[in-house]
Amino acid sequence: MMTRRAQLAQLRRVAVAAIEQYPLPAGRLEFVSHGENTTYRHDSAAGRHLIRVHRPQRHGRGVDSAAAIRSELAWLRAIRADTELAVPQPLDALDGSATVEASADGATRTCSVLRWMDGRIHESSPRPVHLRRLGEAMAQLHEQADAWTLPAEFIRMRWDQETFFGSVMVYGNITAGRCWELLPAEVRVRFEGVGRRASTLLEQAGDVGLIHADLHLGNALFARRQVKLIDFDDCGIGPRPYELAVALWELRERPDYPAYRDALLGGYRSRRDIDVADLDEFIAIRQVAFDLWYTGTAQVNPAFAARLDQVHRWSLSMLDLLERR
């Protein structure tokens with residue numbers, strides 16, 4: 001495993017090579033995050049932009065990553081055209097393409113650029129009002145998706161039993177199947193139980209469509225009374241109750257959780273109805289998905305490796321809570 005410092009140095013040079021292919025003047029490049037993708041903020045006379053260096057095989061085994069990213073960007077453009085929702089604006093490359101391929105120091109990555117969005121993230125300081133606004137925006141997002149005709153070349157993940165519990169995805173640089181093998185025995189047994197319960201639930205889900213799939217408070221920016229939705233990197237076809245479960249997942253262990261749940265549902269149902277009878281089961285599915293992703297990413301990211309045991313313990317604690325209900 002390359003050190004974090006070496007990884008960031010290499011990917012920064014990839015980002016610089018990508019910027020040269022966009023209509024952006026010289027500017028300052030600042031590191032933002034190194035997790036699923038590696039991102040940088042570029043400040044120049046043209047404004048602020050987010051430079052995304054995408055991980056290979058991010059969208060599953062054998063999937064054309066560039067095509068999948070173009071599909072994500074197509075949805076963002078459609079949301080901006082069809083609604084008043086605030087979502088990132090893609091920037092086309094100099095040749096008119098939605099993505100570019102950039103290389104440096106032996107690394108080649110698909111890259112994309114979005115206009116920067118300002119706002120405050122309340123993941124560590126949530127209030128019910130934030131969940132209510134998020135729920136309303138989430139319902140509006142689903143309304144737009146139901147009315148939008150997907151382009152013929154649209155390629156995104158399908159969040160179903162095989163994707164959640166099989167070996168469709170590649171996390172870090174290993175298949176999800178290998179991630180299952182790396183789980184501690186106790187964690188794996190508990191996750192297999194979630195998978196058995198989820199099989200019928202996912203097969204019979206009736207409210208299925210295009211979802212963000214990672215719309216928790218860490219991916220929502222708040223500015224005055226407006227909520228801005230960011231990081232559509234996980235978007236795909238999936239059950240709508242899972243979307244709500246993701247928003248509530250990190251709040252589920254809080255003693256004031258009912259207030260957050262009621263606020264999210266109140267906001268969502270102000271625009272669109274939804275059946276949440278199995279909400280806790282969808283939260284359990286999210287916990288499994290997160291742990292598998294974290295396990296794979298820990299094989300290539302030292303910061304994730306250092307916290308992996310803690311994540312496994314959290315998963316067991318979360319499942320204990322959900323199964324006591």
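## Briefing on a predicted model: cores, rings and salt bridges

Asp-118 is partly exposed, with a relative accessible area of 45% (buried means under 20% relative accessible area, exposed over 50% and partly exposed in between, with a 1.4 Å probe and protein chains only). The structure is a predicted model, in which local features need pLDDT of at least 70 and side-chain atom pairs count only at pLDDT 80 or more, while totals for chains, interfaces and linings use all residues. Residues are numbered from 1 along each chain as its sequence is written, and side-chain values use heavy atoms, with hydrogens and water left out.

**Salt bridges**

- The model has 27 salt bridges, a salt bridge being a side-chain nitrogen of Lys or Arg within 4 Å of a carboxyl oxygen of Asp or Glu.
- Side chains of opposite charge can pair when their charged atoms come close.
- Helices (H or I, at least four residues) and strands (E, at least two) are DSSP runs, numbered from the N terminus.
- Arg-48 is partly exposed, at a relative accessible area of 37%.
- A network of salt bridges links Arg-28, Glu-30, Arg-41, Asp-43, Arg-48 and Asp-118.
- Arg-272 meets Asp-146 in a salt bridge of 3.4 Å, N to O.
- Arg-272 belongs to the loop between helix H8 (257-269) and H9, and Asp-146 to helix H3, so the pair ties together parts 126 residues apart in sequence.
- Arg-272 is buried, at a relative accessible area of 15%, whereas Asp-146 is partly exposed, at 46% relative accessibility.
- Between Arg-252 and Asp-280, the closest N and O atoms of the salt bridge are 3.0 Å apart.
- Arg-252 sits in the loop between helix H7 (240-249) and H8, with Asp-280 in helix H9, so this pair ties together parts that are 28 residues apart in sequence.
- Both Arg-252 and Asp-280 are buried.

**Nonpolar cores**

- The largest nonpolar core has 84 residues, of which Trp-75, Leu-134, Phe-165, Leu-229, Phe-232, Leu-244 and Ile-285 touch the most other members. Such a core is a set of buried Ala, Val, Leu, Ile, Met, Phe, Trp, Tyr and Cys residues joined through side-chain atoms within 4.5 Å.
- Helix H9 (residues 279-297) gives the largest share of this core, with eleven residues.
- Another core, of 21 residues, lies apart from it and includes Tyr-40, Val-53, Ala-102 and Cys-111.
- Leu-134 is in contact with Leu-215, His-216, Leu-217, Ala-220, Val-227, Leu-229, Ala-247 and Leu-264, leaving out residues up to four places away in sequence; contact means heavy atoms within 4.5 Å.

**Aromatic rings**

- There are 16 aromatic pairs in the structure. Rings of Phe, Tyr and Trp (its six-membered ring) pair if their centres lie within 6.5 Å; planes under 30 degrees apart count as stacked, over 60 as edge-to-face and the rest as tilted.
- Trp-75 and Phe-232 are an edge-to-face pair, because their ring centres are 5.4 Å apart and their planes are at 85°.
- Trp-75 lies in helix H2 (residues 65-82) and Phe-232 in the loop between strand S11 (226-229) and strand S12 (236-239), so the pair ties together parts that are 157 residues apart in sequence.
- Trp-75 is buried, at 0% relative accessibility, and Phe-232 is buried at 1%.
- Trp-293 and Phe-304 also make an edge-to-face pair, with ring centres 5.4 Å apart and planes at 85°.
- Trp-293 is in helix H9 and Phe-304 in helix H10 (residues 302-324), so their pair ties together parts eleven residues apart in sequence.
- Both Trp-293 and Phe-304 are buried.
- One aromatic cluster is formed by Trp-159, Phe-164, Phe-165, Trp-180, Phe-191 and Tyr-242.

**Charges over rings**

- Arg-41 lies over the face of Trp-116, at 5.6 Å from the ring centre. A charge sits over a ring if NZ of Lys or CZ of Arg is within 6 Å of the ring centre and within 35 degrees of the ring normal.
- Arg-286 lies over the face of Trp-249, at 4.5 Å from the ring centre.

- Helix H7 is mostly covered, with ten of its ten residues buried.
- Among the buried residues of H7 are Arg-240, Glu-243 and Trp-249.
- Ser-65 lies in helix H2 and is buried, at 14% relative accessibility.
- Ser-65 touches Arg-55, Gln-57, Arg-58 and His-59, leaving aside neighbours within four places in sequence.
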